Amino acid sequence: MGKSKDIYYPSKKVVENATVKDYDKLYKKSVKDIEKFWAEEAKRLEWFKPWNKVLDDSEFPFYKWFVGGKTNIISNAIDRHLKTANRNKLAIIWEGEPGDIKTYSYHALAREVCEFANVLKAMGVRKGEVVTIYMPQIPEQVFAMLACAKIGAVHSVVYGGFSHEAIAERVNDAKSRVIITADGGYRRGKPTQLKEIVNKAMEIAPTLEICITVKRTGEDVYMENDRDYWYHELKSLPIAGHSCGTEEMDAEDPLFILYTSGSTGKPKGLVHTHGGYSVYTSATHRMVFDIKPEDRWWCAADPGWITGHSYLVYAPLINGATLFMYEGAPNHPYPDRWWRMIDKFGINILYTSPTAIRGLMRYGESWVTKHDLSSLRLLGSVGEPINPEAWKWYYRVVGQERCPIMDTWWQTETGGFVITPLPITPLKPGSATKPFFGHEIAVVDEDGNEVAPNEVGALVLKNPWPGMARTILNDPERYKDTYWKKFEEKRWYHAGDSAKKDEDGYFWIIGRSDDVIKVSGYRLGTAEIESAVVSHDAVTEAAAIPLPHELKGNAIHVYAILKEGVSPSKQLEKEVKDHVAQVMGPIAKPEEIVFVDSLPKTRSGKIMRRVLKARALGEDEGDLTTLDD
Ligand code: WTA
């Protein structure tokens, strides 16, 4: 890669290899007729029955894609590979934290998924039913997701670091009857206690009737008759045969629900579909990462998040690549764990988050350079803006100045990449560069006027795309209000991020403009954090804000008012922090809790978080005319 000023150009080799050689030409074509563009992409996949209409926008904002088409994501992610040479190729290479390794060819994966699907059927799971999955990063987590899809059940994966209350909240919303878990997994050398957490969740989630537990750690767990089943026992019964048909689904049938934090109280269950999601994830993955059949792809995200759904599980399988998956912590037992595995398995592409990069950066270069990373061809980043220092380290030390970095901007709602470079794109560290095909994107002011270059505004997507979430489960009104109301007349999607566009048309994402906090790339809502804080006996009111943090990007800082007669102390601060971690899960643990006598509010009683933030950072507090007192 050549370099001039702060622009990084791809090498001749990267350009020669590239799937897309002329961005501008294909981009123009794609936005001139998005239906034509997406129909061509959809034709690369297998359908039981083709669609009669590519896009139905008659019920805006409830778009429908590939209307009348019949498919199942599994036909493309597994079944079609069994008819080609891919059958004997590795689909999954997995390494456990203790160092155990498992590999599955597409053939072997198909058998595992059929067995799991047959077990689910035997448990009475039906098409359209929501199955909750709460698991460590082990192959069975992927099998469970794929098995649900295969029989037309809808999976709802809850991140394995969440608390029992978070599980119950999601289960209760989706009215899930079956939950799949494991006794635990390994993290930093220790087994986690997932089944114990599920047991607690089951006490407060009355719809749950059945729990299927995969044995991973062999730790003792509590189980109840007629409620709890070991997966390995079910799997050895005659019901769990090696073959199982793939359910014919409508293109618009739901594939999964994934809960994510928004500006208000409870998490939203975003709904993604079989048809459009298959097309969108596979197309973005193939073009952005130049996926070749012989590639070994590593997306280091947990399947509990959208990145894991789209780019650990579904897209690489649809594209027939070999995916690599790792169970544990990046620095266990030593800070070179990741680099050792890239070397060992000959990984070609690494896709991870700025937080992970910053975390590994602090151990120094020699942990990286002592391994042979010459197999790497491309790198990727996702989850939050990547600061130029981390970008440059990733580029120079990990990618050895050979591997372009694909900084992909997208959201749980978008299903896949939206603003992203291609390998041929000249890169500017910290910019996610340009719109993916089919997208017209702008940075606008409150009234929807485009702002001048390099000025901050709201990010809007002007066209619909096949991977978009179709609605929020049980709350279509909230879907409308959150994403479409603001620019309803123009029919623009309001992303909730603030951004800038420079004079070259490159986008620079600044961060969330709503009450969502990104901590280590994880998405949390201020309202959820505040309600967790207030659920502690000593607290009456609280406000949570993000403040910059060297490793995490942002950290949670809380301002809390104590109840009459309770006095602040270091001990109490610790107690409240632990309480939040207990209620929401360890990722939500606040960095700091400051006990205060009052909070800045508007006259109508809304907490002015931006004032708290400005004060904490010693910045100008801005317009205070609405501040009460
Ligand atoms: C942020 C994760 C800057 C953004 C896929 C977005 C990013 C939110 C990037 C969605 C990026 C994601 N550069 N910011 N490359 N990627 N974001 O739903 O604020 O967990 O709105 O999806 O992450 O978070 P979510």
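How many bridges join strand β28 to strand β29, and do the two run parallel or antiparallel?

1. The model is predicted. In it, β28 covers residues 516–519 and β29 covers residues 522–525. Four bridges hold the pair together, and the strands run antiparallel.

2. The two strands make a hairpin, with two residues between β28 and β29. Serine 520 sits in that turn and has a positive phi of about 50°. Across the pair, lysine 518 is placed opposite arginine 523, a residue of β29.

3. Both residues of that facing pair also reach the ligand. Lysine 518 has a side-chain N or O atom 2.7 Å from an oxygen atom of the ligand. For arginine 523, a side-chain N or O atom is 2.6 Å from an oxygen atom of the ligand. The ligand has 530 Å² of accessible area on its own, and the protein covers 96% of this.

4. Which residues come nearest to the ligand? There are 17 residues around it, and the nearest are Asp407, Thr408, Thr412, Asp497 and Arg523. Aspartate 407 brings a polar side-chain atom to 2.7 Å from a nitrogen atom of the ligand. Two further elements contribute to the shell: helix α11 (306–318) and strand β27 (507–512) supply at least two residues each.

5. Nonpolar side chains tend to be buried together in soluble globular proteins. Here the largest nonpolar core contains 121 residues. Trp38, Phe66, Leu146, Phe289 and Leu459 have the most contacts inside this core. Another core, of 40 residues, lies apart from it and includes Ala205, Leu208, Trp305 and Val576.

6. What does phenylalanine 66 touch, once its neighbours within four places in sequence are left aside? Its contacts include the tryptophans Trp38, Trp47 and Trp51. Ala39, Ala42, Val54, Ala251, Val279 and Pro466 are also among them, as are Gly275, Gly276 and Lys53.

7. Arginine 337 belongs to helix α12, which spans residues 337–345. Is this arginine buried or exposed? Arginine 337 counts as buried because its relative accessibility is 6%, and buried means under 20%.

8. The side chain of arginine 337 comes to 3.0 Å from the backbone oxygen of glycine 96. Not counting residues up to four places away in sequence, arginine 337 touches Glu95, Gly96, Glu97 and Gly99, among others. Tyr326, Ala329, Pro330 and His332 are also among the residues that arginine 337 touches.

Methods
Residues are numbered from 1 along each chain as its sequence is written. This is a predicted model: local features need pLDDT of at least 70, side-chain atom pairs count only at pLDDT 80 or more; totals for chains, interfaces and linings use all residues. Side-chain values use heavy atoms; hydrogens and water are left out. Two strands pair if DSSP finds at least two bridges between them. A nonpolar core is a set of buried Ala, Val, Leu, Ile, Met, Phe, Trp, Tyr and Cys residues joined through side-chain atoms within 4.5 Å. Buried means under 20% relative accessible area, exposed over 50%, partly exposed in between (1.4 Å probe, protein chains only). Contact means heavy atoms within 4.5 Å. A residue is near a molecule or strand if one of its heavy atoms lies within 4 Å of it. A polar contact is a pair of N or O atoms within 3.5 Å; within protein, one must be able to donate a hydrogen and the other to accept it, and residues adjacent in sequence count only if both atoms are side-chain atoms. Accessible areas come from the Shrake-Rupley method with a 1.4 Å probe; for residues, only the protein chains shown count as cover.
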